[in-house]
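Let's take a walk through this fold together. Keep the sequence and the model side by side as you read.

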Amino acid sequence: MNEKSFACSSHQAAELYEFELFVDKLYGFIVVKETDETCPGPNPEVVIPDAGPIVAAIKCASGRDPLTVGKPCTPAFNYIKRKWNINPSRTMMIGDRTNTDVKFGRDHGMKTLLVLSGCHQIEDIIENQMNERDDMVPDYVAPCLGALVPETIQIYY
């Protein structure tokens with residue numbers, strides 16, 4: 001199965017194919033994933049390359065800049081807002097990265113919550129504050145998503 005195979009109507013597939021041809025003529029390649037250089041692994045001594053080096057290699061080889069459509073990109077927010085009728089002032093962006101999730105929320109008028117169970121930690125927030133990167137400072141912080149559930153709620157399997 002090639003990467004263009006997925007469940008959709010023939011009309012949706014035709015629209016997607018037309019969009020791909022259009023974008024290919026203009027940009028050459030599209031970046032959807034966050035483009036960090038590395039991501040944390042289970043062993044802090046081991047560096048795991050993330051999407052950033054791959055994007056950089058393609059950019060260098062092709063001589064073209066990618067069209068980025070993932071967080072914190074405004075076109076991604078505009079699509080989400082339109083598709084689900086989002087009211088930013090009544091919406092919270094929750095994520096584990098200050099440079100994508102928090103920035104995405106702050107740039108688009110949402111409250112933000114950083115969960116510390118992922119990439120970025122308190123030290124990253126402090127560094128962003130010191131460097132006046134207020135767009136990457138969350139409104140709220142939680143140790144993990146589970147911390148948002150009251151202890152009195154029990155889930156039975």
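Predicted model: local features only at pLDDT ≥ 70, side-chain atom pairs only at ≥ 80, totals over all residues.

Residues are numbered from 1 along each chain as its sequence is written, and side-chain values use heavy atoms, with hydrogens and water left out.

Now the overview. The chain has 5 helices and 7 strands, taken as DSSP runs numbered from the N terminus (helices are H or I with at least four residues, strands E with at least two). Starting at the N terminus, the order is α-β-β-β-α-β-α-β-α-β-α-β. Of the 157 residues, 25% are buried, where buried means under 20% relative accessible area, exposed over 50%, and partly exposed in between (1.4 Å probe, protein chains only). The chain's accessible surface is about 11,400 Å², and carbon and sulfur atoms account for 57% of that; such areas come from the Shrake-Rupley method with a 1.4 Å probe, and for residues only the protein chains shown count as cover. Take the contacts (heavy atoms within 4.5 Å) between residues at least 6 apart in sequence: 53% of them join residues at least 24 apart.

Next, zoom in on helix H4. How many of its 10 residues are buried? The count is 7, so H4 is mostly covered. Those residues are Thr98, Thr100, Asp101, Val102, Lys103, Phe104 and Gly105. Their cover includes helix H3 (74–84), strand S5 (92–95), strand S6 (111–115) and helix H5 (122–130).

Thr98 is buried, at a relative accessible area of 3%. Leaving out residues up to four places away in sequence, Thr98 touches Lys103, Leu114, His120, Ile125, Asn128 and Met136. Lys103 has a relative accessibility of 19%, so it counts as buried too. Just after H4, Gly109 takes a positive phi of about 75°.

Now for the rings. The structure holds 2 aromatic pairs; rings of Phe, Tyr and Trp (its six-membered ring) pair if their centres lie within 6.5 Å, and planes under 30 degrees apart count as stacked, over 60 as edge-to-face and the rest as tilted. Phe77 and Phe104 form an edge-to-face pair, 6.0 Å centre to centre with 75° between the planes. Because Phe77 lies in helix H3 and Phe104 in helix H4, this pair ties together parts that are 27 residues apart in sequence. Both Phe77 and Phe104 are buried.

Tyr79 and Trp84 also pair edge-to-face, because their ring centres are 6.3 Å apart and their planes stand at 90°. Here Tyr79 is partly exposed at 43%, while Trp84 counts as exposed at 55%. Lys83 lies over the face of Trp84, at 5.9 Å from the ring centre (the rule is NZ of Lys or CZ of Arg within 6 Å of the ring centre and within 35 degrees of the ring normal).

Finally, Tyr140 sits in strand S7 (residues 140–142) and is partly exposed, with a relative accessible area of 43%.
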